[in-house]
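Thanks for coming. Please have the model open while I talk.

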Amino acid sequence: MKRVLSLLIPAALLTLVLSSCFYFQKFTLSIQSNPENVNISIDGQNYLTPFSSNLPSGQHTIGVLPTYSNIGNYGGSPNVEYLFSNWSDGSTQNPRIVDLNGNLYLTANMNTYYAVKVSSNIGITIASSPYYVNGFYPAYSFVQLTAPSENGFVFDYWIINGQAITGNPLSQYVNLPIEATAVYVQIVPPSVVSSIYPENGSTGLPISVNLRWSAYDPNNFPLTYSLYFGTSPNPPLIASGLSTPTYTISDLNYSTTYYWYVIANNGYASTTGSLWSFTTQSAPEPAAYGIVNGTVSVYTGQTDTVPF
């Protein structure tokens, strides 16, 4: 009996020793990420990828944390977000428990998101669709920017990462962080319309007159003109939608005073010019003919003698 016990005790001790050796055995845990420098957690401690360490065998809790960085100068800071997608072994669990009973090599694949920062030069809210609360959009997706109407202002253009771009709404490709500013201009009327020809109060003008005037828009919006013309100090509209500041009027009456003014419109506001006038020349006197001693005399205001 004593001999049996003496044999069993060393066997039990050997088993215990072997178990203890396995328990204290260490294996390599290696975690890479795509991209690198991603925040990870291992058993409650935070690290950056790439990570590699010899850890005791057994269960360990690993997880991938949201990671932020910066690319370029647009979209605020930080302007890049990396969120966990899946592990290289196909698992999508995060965090997860791994059994470390041998060397383990894993890669955390990340999804990339870029910041889209939108504003306006007059402080109003600019709509973006789809809308993400934290302002980060999936890389290589599209976002639609819409500048809304605002009383007293009109949208003019966008500044996207320092470049002027037209179009509203605007579909923007998110292949990098974006900083977009909607530029509005205040609606103001065109400048005062000025007469170029004829001068106000001119007399002796021909019965065909090329009216000319000038105006400009402070915001460089295209102008159209409405022309009022007639013999009354309250002349009627005779032409509208004119794109150039000139208009020819023919077959006027002699010795007649005409009144005219122009309204310039920039599509949002208009300016009415002053009332101007001019008077046409007198009708030419009719020619007089006479024959004296074989000579024809023609009177046209001058005397010409023609042999007959």
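Which residues of the largest nonpolar core touch the most other members? They are Leu 29, Ile 42, Ile 62, Val 64, Trp 87 and Trp 158, in a core of 37 residues. By nonpolar core I mean a set of buried Ala, Val, Leu, Ile, Met, Phe, Trp, Tyr and Cys residues joined through side-chain atoms within 4.5 Å. Buried means under 20% relative accessible area, exposed means over 50%, and partly exposed is in between, with a 1.4 Å probe and protein chains only. Strand β9, residues 104-120, gives the most to this core, with 5 residues.

Before going on, a word on what you are looking at. This is a predicted model, in which local features need pLDDT of at least 70 and side-chain atom pairs count only at pLDDT 80 or more, while totals for chains, interfaces and linings use all residues. Residues are numbered from 1 along each chain as its sequence is written, and side-chain values use heavy atoms, with hydrogens and water left out.

Now the overall numbers. The chain has 1 helix and 28 strands; these are DSSP runs numbered from the N terminus, helices being H or I of at least four residues and strands E of at least two. Of its 308 residues, 34% count as buried. The exposed surface comes to about 18,100 Å², and carbon and sulfur atoms supply 53% of it. That area is from the Shrake-Rupley method with a 1.4 Å probe; for residues, only the protein chains shown count as cover. As for contacts, meaning heavy atoms within 4.5 Å, take those between residues at least 6 apart in sequence: 58% of them join residues at least 24 apart.

Leaving out residues up to four places away in sequence, Ile 62 touches Leu 29, Ile 31, Ser 41, Ile 42, Trp 87, Asn 94, Pro 95, Arg 96, Val 98 and Leu 106. Apart from this core lies another one, of 19 residues, among them Leu 211, Leu 227, Leu 252 and Ala 264.

Ser 30 is a polar case to look at. Ser 30 sits in strand β1, residues 26-34, and counts as buried at 7% relative accessibility. With residues up to four places away again not counted, Ser 30 touches Phe 51, Ser 52, Leu 104, Tyr 105 and Leu 106.

Next, the sheets. Two strands pair if DSSP finds at least two bridges between them. Ser 41 has Gly 63 as its bridge partner in β5.

Another open sheet has 3 strands, ordered β17-β19-β22 and paired antiparallel. Here β17 (194-197) and β22 (246-249) are the edge strands, each pairing on one side only.

Is strand β20, residues 224-230, mostly covered or mostly uncovered? Mostly covered: 6 of its 7 residues are buried. β20 pairs with β23 (residues 257-265) in the antiparallel sense over 7 bridges, and Phe 229 stands opposite Trp 260 there. With β21 (residues 237-242), β20 pairs antiparallel over 3 bridges, and the two form a hairpin with 6 residues between them. Tyr 225 has Leu 242 as its bridge partner in β21.

Last, the rings. The whole structure holds 16 aromatic pairs. Rings of Phe, Tyr and Trp (its six-membered ring) pair if their centres lie within 6.5 Å; planes under 30 degrees apart count as stacked, over 60 as edge-to-face and the rest as tilted. Why does the pair of Tyr 140 and Tyr 173 count as tilted? Their planes are at 45 degrees, with the ring centres 6.4 Å apart. Tyr 140 is in the loop between β11 (136-138) and β12 (141-146), and Tyr 173 is in β15 (residues 170-174), 33 residues apart. Tyr 140 is exposed at 54% relative accessible area, while Tyr 173 is partly exposed at 35%. Finally, Trp 213, Tyr 225, Trp 260 and Trp 276 form one aromatic cluster.
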